[in-house]
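Hi,

Here is the structure for your set. Please load it and keep it open while you read. My notes follow below.

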Amino acid sequence: MIPFNPNYFIGYVNHVNPQYVKVHFPSSVLLNKYIFSGEEFNGGLIGNFVTIEGENFGFIGKIAELDLPEKERLSLSEKAFQSSDFHPTAKVEVLLSFDYFESHKAQRTLNAFPNIGAKVYVCPKQFIQQYVMRFGLKSDQDKILIELGTLTSNKNTLVNISQQAMFSRHCAVVGTTGGGKSWSVSKLIESMMKNNTKAILIDPTGEYSELAKTETAESTILGANSCFSYKKLTIEDLFFLVKPAGRVQAPKLLEAIRSLKCIELGIDKEPKFSAFCSDGVLSKAGLNKKEYERYCYVHNTQIENGLLTFDIEKLEKQISAECVWDTDRDNINIYGARNETDLTNCISLITRIGSVRRTGILQAVLGFSQPENETCDLTKQIDEYIKNDNKFLLRIGFESIGFESQAREIVANAIGKFLLMKARNGEFKVNPIVLFLDEAHQFLNNTVVDEYFDTAALSAFDQIAKECRKYGLFLCLATQMPKDIPIGTLSQMGTFLVHRLINYSDKEAIKQACSSANAELLSFLPVLGEGEAILTGVDFPMPLTIKVNKPIIPPDSKTPIFKDLRSNT
């Protein structure tokens with residue numbers, strides 16, 4: 001395959017630095033028309049690939065800028081234009097070097113650069129095709145490809161991406177509304193399903209519901225036909241929900257949780273404790289401290305499992321029962337009588353717990369006040385989905401969850417934490433899984449605030465991004481506002497599929513998080529068309545500007561159309 005076709009010659013290198021070269025055009029005719037892969041191409045040179053001759057290596061570059069020398073700029077006219085009497089220059093970003101004898105093996109390198117006077121050619125379609133048809137592949141074991149789209153510079157050049165390179169260091173799909181972000185997410189999920197690999201999608205709006213109706217997918221809607229059982233929440237999640245103050249309320253809440261877990265373990269069946277247990281509540285007043293602590297020590301594993309494995313309907317009464325003096329006046333080995341000061345301090349906490357339990361949306365989503373056998377527990381669905389070798393997508397719909405009480409953020413964080421624990425237990429190492437989080441800005445960089453204005457971060461997805469690559473749990477974030485994603489999380493993304501971005505802060509967020517996002521690359525972002533995106537990442541040899549193919553089942557993300565309400569048509 002010839003990388004240097006005389007018919008595609010455009011100029012000579014006249015300046016070299018480590019990042020780019022400048023090219024001198026001997027004739028302006030070369031700017032206007034040339035034959036490209038047997039087809040006449042009039043689309044201009046900006047954004048097109050070029051090949052550059054070298055002494056031992058050839059180079060692939062991308063035209064980022066065209067310019068005209070100042071002395072010729074002043075004399076530019078239609079007559080001069082027709083006579084080709086001017087000599088433009090181009091700035092070309094050097095992307096790759098390749099060996100003349102093994103041109104299919106290209107690499108980024110600082111060991112070789114073009115020489116002054118080297119010839120520059122428009123890159124033939126067939127030559128660039130060999131790279132983008134297996135883009136990101138590194139080994140013979142890495143054979144799974146995603147049919148993503150075509151090059152924007154030539155619609156006939158297909159781009160097939162290594163699935164391993166796309167997701168193995170986490171992935172971010174970003175772009176403003178209407179840029180094609182949702183289409184890209186659908187295309188990636190469709191390709192994973194076609195490749196028989198598993199994905200879990202958290203869908204905040206329900207726009208991917210049709211995608212989950214295929215034979216190899218399943219869907220569940222939180223708050224409608226499933227719930228995330230509160231017994232699978234962690235104590236930290238409960239703190240997010242009820243926001244205890246740190247001085248008195250938090251210790252009393254922890255003690256109440258421990259007491260209720262003892263009830264679940266059967267402490268009320270022990271003769272020495274039975275007199276202190278009534279209606280599922282353990283009364284601390286008069287209870288022997290040493291005997292109680294000994295019981296807790298024996299059952300420490302079950303009590304300190306970090307989960308809410310108790311009857312939450314009893315929590316308010318149990319907190320009231322915990323409000324006693326630490327010791328009795330006459331016997332330091334037993335708990336004292338009721339401490340009215342502690343009870344007064346805990347009234348607001350007790351009220352909040354009651355409010356949380358009776359909030360309609362939280363009752364439906366977390367299964368409060370519902371017998372366990374009548375609920376469809378999401379955690380069980382996730383476990384069954386992971387074991388099912390015939391299902392490759394689980395869509396978790398949030399469309400029935402309102403925005404009050406930070407229910408969405410807390411439940412999404414709980415799901416992330418549940419998957420994080422499974423990853424840490426090694427359940428995804430053999431068969432990795434990708435967690436897609438759409439509208440990620442709604443769930444990341446969020447905090448909850450208690451009545452004393454102390455904050456606590458919802459950090460499950462941040463932890464997944466930072467530690468779960470080695471466990472086989474990969475994260476794919478989709479957002480129109482990358483500036484709202486924590487920079488620590490965004491910097492863990494190894495692959496970026498960037499659609500149109502206009503906001504300066506959004507572009508700067510990408511620049512800070514992506515090592516290959518230089519000024520030349522960012523300059524293309526505001527002018528990208530619908531469905532066009534820049535693909536870049538640490539496992540890809542160079543950035544690509546692509547047109548993402550339309551998914552077979554597009555998401556329901558169309559903008560409603562205004563109508564004339566008085567029209568008869």
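Helices α7 (235–242), α8 (249–265) and α13 (340–358), together with strand β16 (281–282), are among the elements that cover the buried residues of α12. Note that this is a predicted model. Helix α12 spans residues 315–322, and seven of its eight residues are buried, so the rest of the structure largely encloses it. The buried ones are Leu 315, Glu 316, Gln 318, Ile 319, Ser 320, Ala 321 and Glu 322.

Next, the rings. How many aromatic pairs does the structure hold? There are eleven. Take Phe 9 and Tyr 12. Their ring centres are 5.1 Å apart and their planes stand at 65°, so this pair is edge-to-face. The cut-off for that class is an angle over 60 degrees. Phe 9 is buried, at 18% relative accessible area. Tyr 12 has 33% relative accessibility and counts as partly exposed. Both belong to a cluster linked by ring pairs, which also takes in Phe 4, Phe 98, Tyr 121 and Phe 127.

A second pair is Phe 398 with Phe 443. Here the centres are 5.8 Å apart and the planes are at 75°, so these rings are also edge-to-face. Why does this pair tie together separate parts of the sequence? Phe 398 sits in the loop between β17 (393–397) and α16 (407–424), while Phe 443 sits in the loop between β18 (433–437) and β19 (447–449), so the pair joins parts that are 45 residues apart in sequence. Phe 398 is buried, with 0% relative accessibility. Phe 443 is buried as well, at 2%.

For Lys 62, the ring is that of Phe 524, with the charged end 4.9 Å from the ring centre. For Lys 284, the ring is that of Tyr 335, and the distance to the centre is 5.0 Å.

Last, confidence. The chain has a mean pLDDT of 86, and 89% of its residues reach 70 or more.

Best wishes

Technical notes
Residues are numbered from 1 along each chain as its sequence is written. This is a predicted model: local features need pLDDT of at least 70, side-chain atom pairs count only at pLDDT 80 or more; totals for chains, interfaces and linings use all residues. Side-chain values use heavy atoms; hydrogens and water are left out. Buried means under 20% relative accessible area, exposed over 50%, partly exposed in between (1.4 Å probe, protein chains only). Helices (H or I, at least four residues) and strands (E, at least two) are DSSP runs, numbered from the N terminus. Contact means heavy atoms within 4.5 Å. Rings of Phe, Tyr and Trp (its six-membered ring) pair if their centres lie within 6.5 Å; planes under 30 degrees apart count as stacked, over 60 as edge-to-face and the rest as tilted. A charge sits over a ring if NZ of Lys or CZ of Arg is within 6 Å of the ring centre and within 35 degrees of the ring normal. pLDDT is the predictor's confidence in each residue, from 0 to 100.
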